[in-house]
Amino acid sequence: MIDAALLAALAWIALGCCGLVAPRSHAFAGRVLYPAGAAVGVLVAGIAGFALFDEPSARVLPLGLPDLPFHARLDALSAFFLALLGGVAAGVSVFASGYLRADQGSPPGLVCLCYHVFLASMALVLVADDAYFFMVAWETMALSSFFLVTSDHRHAEIRRAGYLYILIAHIGAISILLCFGALQSGTGDYTFEGMRALQLPAGWATLAFVLALAGFGAKAGIVPLHVWLPEAHPAAPSPVSALMSAVMLKTAVYGMLRVTLDLLAFPVWWWGVIALAVGLASALFGIIFAAVQTDMKRLLAYSSIENIGLILAGFGLTLLFRGFGMGTLAALALTATLYHCLNHAFFKSLLFLATGSVLHATSERSLGRLGGLIHRMPWVAWSALIGTVAIAGLPPLNGFVSEWLLLQAFLFTPNLPQGYVNMLVPVAAAAVALTAALSGYVMVKFYGIVFLGQPRDAALAQAHDAGPWEKTGLAWLGAVCVALGLFPHVVIRALEPITRQFTGYGISGEAGGWLFVAPIEPERASYSPLLFLGVATLLILVAWLAVRAFYHGRARRANAWDCGFPWQSARMQDTAEGFGQPVKVVFQPAFRIEGEAPSPRDRRPRYRETAEDRFWYWLYLPVARLAERMTALVTVLQRGRISVYLMYSFATLLVLLFFVR
Amino acid sequence: MNLAGAAAQFTELMLAVLLAPLLTGWVNQCRAWLQNKSAPGLLQPYRVLAKLFQKEVVLAHNASPLFRAAPYLVFGCLALAAAIVPSLSTGLPLNAAADAIALVGLLALARFFIALAGMDVGTAFGTLGARREMMVGFLAEPALLMVLFTASLISHSSSLSTIVEALGHREFVIYPSMAFAGVAFTMVSLAENARIPVDNPATHLELTMIHEAMVLEYSGRHLAMVEWAASLKLFVYSCMGLALFFPFGIAQGGDWPGIVLALPVLLAKLAAGGAALALIEMVSAKMRIFRAPEFLGTAFLLAVLAMLVHVLLEG
């Protein structure tokens with residue numbers, strides 16, 4: 001199995017290199033290479049699906065440094081994330097073959113190379129079995145995605161976003177490197193096998209955990225290392241934002257799970273409290289900021305921060321339960337975490353691709369100039385509706401299932417041996433519930449302003465629906481969202497090997513029968529999406545048919561009524577700012593709000609208000625200022641004259657000679 | 001699932017669908033009495049529905065299919081919610097399909113679609129109403145969830161059926177946490193059902209309305225479905241409140257003699273609940289929309305407090 005996975009990664013790299021054959025040809029990359037990449041994605045998902053239930057398989061590659069070969073291993077955890085990568089990559093690649101067209105900055109062949117290397121490096125991160133190979137793949141992933149983000153490098157703000165991204169990615173990478181250093185504990189054995197065998201002292205283990213949380217958290221976008229996400233996602237082409245948000249953030253989650261559950265295997269319950277707190281803070285922060293965004297891709301980027309926060313909260317709960325030796329509950333929390341990873345990957349890539357189609361059709365990213373696209377782009381609009389319902393965590397789609405599992409994990413918590421933690425749990429559950437409700441708000445804003453209402457700009461009348469490739473990609477991702485929502489017992493059974501591996505228990509929910517999901521026992525909680533959807537559909541149909549049968553079906557088209565006000569214009573609808581206003585008012589302390597209201601006598605009144613991220617002012621700008629001051633000190637040495645530098649060398653030589661003598 | 005269970009389930013569902021406008025009529029009547037007005041008759045909501053069904057539908061030029069589908073969707077969701085909440089009997093077939101969390105999700109789904117429909121035509125009032133409705137929603141929904149969580153923690157189950165059995169059929173115990181939860185639940189249901197002090201169902205004053213602003217563009221049979229769904233929502237919340245806080249007289253496991261006995265008990269409880277709602281509406285004043293977050297924030301905090309009280313005192 002591991003050979004097949006490695007070959008598939010190699011196939012991706014080969015496809016990328018093929019892009020260099022005709023670097024300027026859109027047709028070749030678009031019609032041949034991206035569809036082939038999608039086929040490889042399906043293959044990867046298939047291989048991973050088999051590997052999930054298979055014994056772990058490992059291989060030592062004849063690559064790398066002498067005496068330091070690459071180790072690769074495919075176990076259930078890797079296989080799960082590989083399946084996620086393959087499934088998302090299939091949809092995104094099909095979409096990309098229709099999407100990436102002329103005038104996008106870098107030549108298409110180069111973009112194709114970076115894109116496929118990005119895919120392959122993510123696959124290699126997932127199968128790496130030693131720190132060296134892992135870091136090589138990790139850095140390849142960071143660099144290839146950096147080039148993809150900056151593929152439209154003519155714009156200064158895109159270059160700036162790319163710089164911010166690569167900076168934070170490297171701060172994270174340093175932290176991960178140090179984490180591996182702590183994990184090998186002076187033995188010099190950097191294979192994961194060796195790290196697993198070690199029993200670290202508590203202090204070192206905690207250090208490794210904190211470093212992993214910070215390092216992988218920088219990649220995943222947890223608060224306060226999140227600032228690159230809302231910059232990099234809008235800058236990148238939409239398929240790339242989809243891949244970054246859907247899969248790359250998940251590789252960071254994979255890294256956290258791998259290090260904490262597998263390599264450390266050191267159950268300390270209060271690590272869970274840290275992860276839970278950081279996760280919930282990220283979730284609330286992300287969704288509150290998503291509510292006030294006016295750029296649709298920034299909105300989705302903040303929503304990614306929220307979802308990663310929820311995933312991290314589930315992870316924290318897993319650690320908490322494992323630390324207290326509650327295996328079944330740890331399995332439940334881990335299932336919820338992994339399920340949410342899968343869900344987020346599919347609905348977020350679907351939404352990012354839909355924004356990509358909107359961007360292509362209208363060349364507009366700002367919510368303030370969109371509207372009414374459900375008439376012009378029905379296919380995109382309806383598939384985006386699936387994504388919005390899913391991401392808002394509404395039944396019967398997939399977002400609800402993982403939130404349900406997570407809330408169930410909270411409901412079972414209050415038997416913990418630690419009294420204080422017990423008291424924290426209701427607060428944490430409330431935060432999760434608030435986040436879920438707010439995400440509904442944000443998604444109504446997103447969908448209502450982009451697709452419903454009147455077009456806010458005259459140019460939108462020329463908008464056209466997506467092409468056949470794009471439609472296929474959207475349809476695939478939407479179909480997976482629906483399937484993940486309707487057949488949760490299949491997914492839960494597929495996750496069982498992983499939960500068995502790390503917690504010793506599984507929750508495949510046999511007790512409730514195939515129709516019901518009952519994580520612990522049916523009397524405590526059960527949910528059946530199929531029955532739910534079936535009865536709801538039946539009721540809706542009966543209502544509709546009854547109204548049809550008993551009453552006339554007459555309908556007349558007229559102007560909108562709106563309390564009899566005849567001079568309606570598109571500008572009277574809520575703008576994105578307007579829709580975000582309640583959240584801005586309710587959560588005012590979270591924002592750094594600046595603005596000015598016009599005076600009543602103003603002839604040409606202008607209203608301006610910005611809600612900024614406080615972390616820029618609390619953390620990033622002070623650090624940047626400090627760095628600048630330090631460089632100013634060093635600049636004194638830098639005279640720019642060669643004679644001065646020669647003098648420095650001479651002085652150094654003299655000093656050294658003095659010491660050596 | 002057996003046939004008797006299915007029949008009981010069907011009875012419960014039809015009862016909710018058919019009785020929901022009556023409950024609305026009863027509340028309106030009580031309110032009119034309390035205000036010393038002559039009431040419009042108990043069956044007035046049915047007459048309004050009949051009138052609306054007869055009328056022609058006038059759609060805005062740019063109304064999308066979503067706008068036309070939403071009333072049926074919302075009605076279907078709330079009818080399903082009415083079937084999930086144990087009003088006559090516990091242990092019915094659909095009780096296992098959705099637990100308390102799924103019920104909250106279902107109500108959120110209905111709100112999601114009606115808000116989208118409010119934004120669909122793109123009028124000033126429609127979007128304003130949708131925004132306000134969602135604002136009420138994002139504060140009320142977690143509070144409702146926390147109330148249900150408190151009940152779930154007490155009965156060690158999130159299944160509504162088990163909750164009602166645990167609360168109603170054991171020996172009588174007073175839970176202090178349920179007192180907090182009760183206050184929170186009352187506040188939430190006032191807000192969710194567009195009642196005073198958050199919204200006023202009787203007014204079409206533009207600047208204060210929430211729910212009515214959102215459905216302003218609906219007419220004819222669509223409006224009838226929306227209105228019916230609104231009464232169903234009130235019915236669902238009333239039954240939920242009765243099941244959580246007065247879970248007495250509800251039959252177990254869908255046995256028919258029990259259901260026959262449960263019906264008059266339910267009607268009496270609903271009548272009392274409706275009168276209480278009218279009284280609350282009478283003695284309070286409509287608050288400014290900007291105060292609504294404070295009101296709902298209080299409800300949310302009370303609900304969280306209820307959970308904390310449970311963990312601290314009853315755990």
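B:Val147 touches B:Ala181, B:Ala184, B:Phe185, B:Val188, B:Ala303 and B:Ala306, leaving aside residues up to four places away in sequence. Touching, or being in contact, means that the C-beta atoms of two residues, placed from the backbone, lie within 7 Å. This is a predicted model, in which local features need pLDDT of at least 70, side-chain atom pairs count only at pLDDT 80 or more, and totals for chains, interfaces and linings use all residues. Residues are numbered from 1 along each chain as its sequence is written, while chains are lettered from A and ligands numbered from 1 in the order in which they are written.

B:Val147 also belongs to the largest nonpolar core, which has 382 residues; A:Ala123, B:Ala82 and B:Met146 are also among those with the most contacts inside it. Helix 17 (residues 419-451) of chain A gives the largest share of this core, 21 residues. Such a core is a set of buried Ala, Val, Leu, Ile, Met, Phe, Trp, Tyr and Cys residues joined through C-beta atoms within 7 Å. A residue is buried if 20 or more other C-beta atoms lie within 10 Å of its own, exposed if 12 or fewer, and partly exposed in between, with C-beta atoms placed from the backbone.

Now to where the chains meet. In chain A, 67 residues are in contact with 70 residues of chain B. The largest share of chain A's side, 15 residues, comes from helix 17 of chain A. Strand 3 of chain A also pairs with strand 1 (residues 57-60) of chain B, in the parallel sense and over four bridges; there, A:Arg557 has B:Leu59 as its bridge partner. Two strands pair if DSSP finds at least two bridges between them.

Within chain A, strand 1 (residues 57-65) and strand 2 (residues 68-74) run antiparallel, joined by seven bridges. A:Ala58 stands opposite A:Arg73 in strand 2 of chain A. Two residues lie between the strands of this hairpin, where A:Asp67 takes a positive phi near 70°.

Helices (H or I, at least four residues) and strands (E, at least two) are DSSP runs, numbered from the N terminus. Confidence is given as pLDDT, from 0 to 100 for each residue.

| Element of chain A | Residues | Mean pLDDT |
|---|---|---|
| Strand 5 | residues 608-613 | 84 (lowest) |
| Helix 15 | residues 378-391 | 95 (highest) |

Chain A as a whole averages a pLDDT of 90, and its secondary structure comes to 23 helices and five strands. Buried residues make up 56% of its 661 residues.

Key. pLDDT = per-residue confidence, 0-100.
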